[in-house]
Amino acid sequence: KEKNKVISGNFSLMKGKLPWPNNGKIEIKFGSQLNPELNTITENLGIHIKSNKDQSVKAVLDGIVSSITYIRNVGNIIILDHGDGFNTVYSNIGNILVEENQYVSAGSSIAKVDKNMMLNFQIWHNKQKKNPERWLTK
């Protein structure tokens with residue numbers, strides 16, 4: 001409960017100021033993506049950041065590890081709860097360095113990028129997906 005008090009209210013003040021989860025470059029943007037070859041549209045819930053294999057993945061803000069799971073075709077996933085309904089999601093990761101219910105500080109390494117070298121990073125607020133590019137520093 002004390003840790004929840006520390007994190008509550010901080011995330012909403014950080015729009016445009018959050019540090020990047022790693023030093024990669026955005027490969028796939030947030031939102032609807034048209035595949036010109038197949039003429040199909042897919043929905044990207046976050047951004048895909050091209051990274052080096054085994055590059056550190058860092059928490060963008062203080063939070064509590066609410067879930068660590070694995071989804072087929074997505075890989076390992078860590079969800080951090082930042083209070084006030086804000087969550088960040090990190091997937092396509094390996095070598096997980098945290099445990100569920102653990103408090104993590106902003107900038108703490110929580111995992112490494114897995115072999116596909118494409119970190120997926122998402123921001124959610126009360127079940128609504130947010131464009132991470134609007135929250136990260138330029």
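## A tour of the buried interior

Select Ile49, which is buried (under 20% relative accessible area, where over 50% is exposed and anything in between partly exposed, using a 1.4 Å probe and protein chains only), with a relative accessible area of 0%. The model is predicted, so local features need pLDDT of at least 70 and side-chain atom pairs pLDDT 80 or more, while totals for chains, interfaces and linings use all residues. Residues are numbered from 1 along each chain as its sequence is written, and side-chain values use heavy atoms, leaving out hydrogens and water.

Ile49 is found in strand 4 (strands are DSSP E runs of at least two residues, helices H or I runs of at least four, numbered from the N terminus). Show the residues in contact with Ile49 (heavy atoms within 4.5 Å), leaving aside those up to four places away in sequence: among them are Trp20, Pro21, Met117 and Phe121.

Next, select Tyr90 in strand 8 and Phe121 in strand 11, which lie 31 residues apart. Both Tyr90 and Phe121 are buried, and they form a tilted aromatic pair, 5.3 Å centre to centre with 55° between the planes (ring centres of Phe, Tyr and Trp, the last by its six-membered ring, within 6.5 Å; planes under 30 degrees apart are stacked, over 60 edge-to-face and the rest tilted).

Finally, move to Phe11 and Trp135, another tilted pair at 5.2 Å and 40°, with Phe11 in the loop between helix 1 (2-7) and strand 1 (25-28) and Trp135 in the segment after strand 12 (128-130).
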